[in-house]
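Please look at the structure as I go through it.

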Amino acid sequence: MDRPSAPLELLAAAASPVYLIDSHWRLTLVNQALADWVEAPVEQLVGRRLAYHSEPLQDGAPNCLADLCPPPGAWLGEETRCVVEVQRADRRVRRRRFRFLTLLTSQNEPLGLLAWGEPRDLSPGEPTEPAGGSWSDELHRQVRQFRRERAAALALDPLIGSSTAARQAAALVQIALRSGCDLLVLGPPGSGQQRVACAVHYADRKNDAVLWRFDCVGLPLGELEHLLAKAAPPCTLLAANIDHLGAESQQLLARTLDRQQGGVRLLATMDTHGPVGSGAPEQLPLDPSLAAKLSLRVCLPALAERLEDLPALAQLFVERENAAQPEGGKQLAGFDSAALQRLTSYAWPGDVAQLAVVVATAYATAKGPWITASDLPPTFRHSQVAAATRPAPPEPVDLDSLLRSVERELIDRAIEQAGGNRSEAARLLGMTRARLYRRIESFEADPASEGDP
Amino acid sequence: MTSAQELLDRTPIDLTLVESGECWIAGIRRAIASPVWERYATRLECSPQPPTLQQLRLSKVPTLVCVEVELRDALPLLQWIAEASELSGVVVVALCDSRRQCALLEPALREAGALRVVEEVGGVASALASVLPGIEQDWRRREGGLAPLESLWVRLPWRKHAARLGAGGKPT
């Protein structure tokens with residue numbers, strides 16, 4: 001009988017499932033035994049990229065490209081073993097032990113991985129963990145847990161409320177959820193555009209896509225190219241502040257989306273500083289091809305324009321703080337009416353994000369069970385008085401006192417920075433040691449000038 | 001020597017490097033020594049632990065946290081990045097010590113909200129420089145909410161590290 005002799009032929013003819021992954025995570029060799037095991041033709045597998053962070057599909061065909069991902073340790077140059085699980089078309093799961101061997105260059109850089117499976121499946125109930133060691137892929141488990149937590153935690157909370165503006169925005173988001181199309185989320189800074197965009201991604205239950213988030217402010221073209229090359233479909237690109245992308249970068253993004261033909265979804269956010277029209281593309285600083293893709297737009301209302309939603313939002317943030325407490329820790333009921341009145345008297349320049357910070361700060365101060373007006377930061381404690389009072393004439397500044405307090409503060413900081421070494425502190429302050437000593441003595445003689453406002 | 005006017009024109013940044021060893025500090029120091037950082041009043045701290053969310057919330061100036069990523073125990077770090085990066089004025093840059101680790105974790109780090117993922121010490125300078133415009137834009141927006149004296153105070157150089165990071169913080 002003729003037996004294959006070339007190395008690749010040997011691997012291809014082996015009865016055990018074997019596959020080879022290059023450093024770009026692409027399958028470069030798949031033998032027939034592996035193809036039979038995952039129930040997919042060899043030609044459909046070779047050249048495909050493994051998607052490590054893909055969740056197995058809830059519905060539809062098995063996703064063996066995620067299942068065949070090597071454990072993280074395999075890329076660290078150690079021979080690694082783990083159990084690979086694949087789901088067959090009849091939805092039964094097959095499990096088999098695999099060994100992963102790293103192929104390294106002389107510079108210790110990984111060239112690829114050779115994966116070699118045992119010739120038989122593990123039977124149901126057969127332990128997957130060897131005695132005294134772990135076969136499990138701990139990092140993979142942790143990343144999956146993180147994604148599950150994110151998917152559960154990210155809801156459309158910035159749009160909670162019964163105001164007309166919130167309900168209109170929520171209705172548009174629902175359209176985006178149902179259609180799965182690209183979406184632009186606009187809103188004043190702090191109104192939760194990124195949170196809404198993330199929630200849209202996670203709310204798609206069929207979604208097997210990885211979420212690639214990036215901020216377009218200051219993003220160089222080269223880095224965008226690098227990022228888009230890595231974001232293989234299926235994936236969702238979340239481009240924050242998309243209007244900050246240069247023309248060339250916007251065109252590159254539009255071309256990439258065209259090339260992927262639906263495999264990549266674009267969710268984008270943009271800050272608005274005033275009313276935004278319902279959306280002729282030319283009104284937005286976007287390349288026409290990109291603007292056309294982002295024809296579905298949701299404009300989040302400013303919190304100041306929907307203060308009737310504030311109690312519900314504030315309560316949501318209180319509940320979030322309650323949930324974050326350790327077992328048996330502080331639990332607060334919410335805001336009392338006086339505190340809520342103070343909150344609704346405020347203009348909220350930082351929008352929902354500012355409300356979240358204020359709630360967290362008040363929560364930390366409050367002794368409970370209710371958050372009262374006295375637990376609020378000073379700005380809110382005085383907001384009603386300020387609103388009812390005419391603007392006072394500008395308060396005069398005692399310049400000598402101010403300059404002296406700044407000088408004292410700087411000297412204190414310099415001494416601390418120098419670890420108590422006054423010669424070094426004098427050098428930092430650009431003065432002689434003798435002069436520094438004279439200044440310190442003068443402060444000690446006149447302790448009235450205090451630092452830190 | 002920094003003139004008073006230069007001091008007042010600068011954008012203050014609290015830059016916190018979170019690492020267990022001293023792998024990245026050289027790259028960070030080289031980065032902030034470059035001319036692009038001259039427009040910023042940068043106060044650098046090193047800490048083995050990330051700042052708490054409450055510390056980040058209370059900060060009056062933009063905070064840039066460069067956090068070293070380790071393969072082991074990645075979940076708490078991902079959770080921290082997800083929460084910290086949602087705070088206004090906080091930017092998180094993830095530092096992975098090899099391309100291999102990055103290949104494994106980059107999607108999850110980006111999903112959590114890390115603005116940049118740096119693969120080697122040599123890449124720190126360009127990554128940090130690229131997040132500066134966003135930080136500056138955020139600062140311009142927030143600065144209007146500060147009282148004039150606070151606005152002056154946050155620009156003064158050198159951080160009061162003991163008060164900000166607790167005993168674990170060390171000056172750099």
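**Helix packing and burial in a predicted model**

I begin with one pair of helices: α16(A) and α18(A) cross each other in a left-handed manner. A crossing is left-handed if the near helix is turned anticlockwise from the far one by less than a right angle, and right-handed if clockwise. Helices (H or I, at least four residues) and strands (E, at least two) are DSSP runs, numbered from the N terminus.

Residues are numbered from 1 along each chain as its sequence is written, chains are lettered from A and ligands numbered from 1 in the order in which they are written, and side-chain values use heavy atoms, with hydrogens and water left out.

Let me return to the pair. Two packed helices are described by the angle between their axes and the distance between the axes. Helix α16 of chain A covers residues 399-417 and helix α18 of chain A covers residues 433-445; their angle is about 120 degrees, and their axes lie 11 Å apart. Here axes are lines fitted to C-alpha atoms, for helices over the stretch in contact, and angles run from 0 to 180 degrees between N-to-C directions. The two helices are therefore oblique to each other; angles under 35 degrees count as roughly parallel, over 145 as roughly antiparallel, 65 to 115 as roughly perpendicular and the rest as oblique.

Which residues meet? From α16(A) they are R404(A), E407(A), R408(A), I411(A) and I415(A), and from α18(A) L436(A), R439(A), I440(A), S442(A) and F443(A), where contact means heavy atoms within 4.5 Å. By class, this contact of α16(A) with α18(A) has 5 nonpolar, 1 polar and 4 charged residues. Ala, Val, Leu, Ile, Met, Phe, Trp, Tyr, Cys and Pro count as nonpolar, Asp, Glu, Lys and Arg as charged, and the others, Gly among them, as polar.

The second pair is α11 (residues 310-324) and α13 (residues 351-365) of chain A, at about 50 degrees with axes 9 Å apart. They too are therefore oblique to each other, and the crossing of α11(A) with α13(A) is right-handed. Among the residues in this contact are F317(A) of α11(A) and Y363(A) of α13(A). The contact of α11(A) with α13(A) comprises 11 nonpolar, 1 polar and 1 charged residues.

Now to burial. How many of the 11 residues of helix α7 of chain A are buried? The number is 9, so this helix, residues 193-203, is largely enclosed by the rest of the structure. Buried means under 20% relative accessible area, exposed over 50%, partly exposed in between (1.4 Å probe, protein chains only). Among the buried residues of α7(A) are R195(A) and H201(A).

Chain A has 18 helices and 12 strands, and 45% of its 453 residues are buried. Chain B has 8 helices and 6 strands, and 58% of its 172 residues are buried.

Technical notes. This is a predicted model: local features need pLDDT of at least 70, side-chain atom pairs count only at pLDDT 80 or more; totals for chains, interfaces and linings use all residues.
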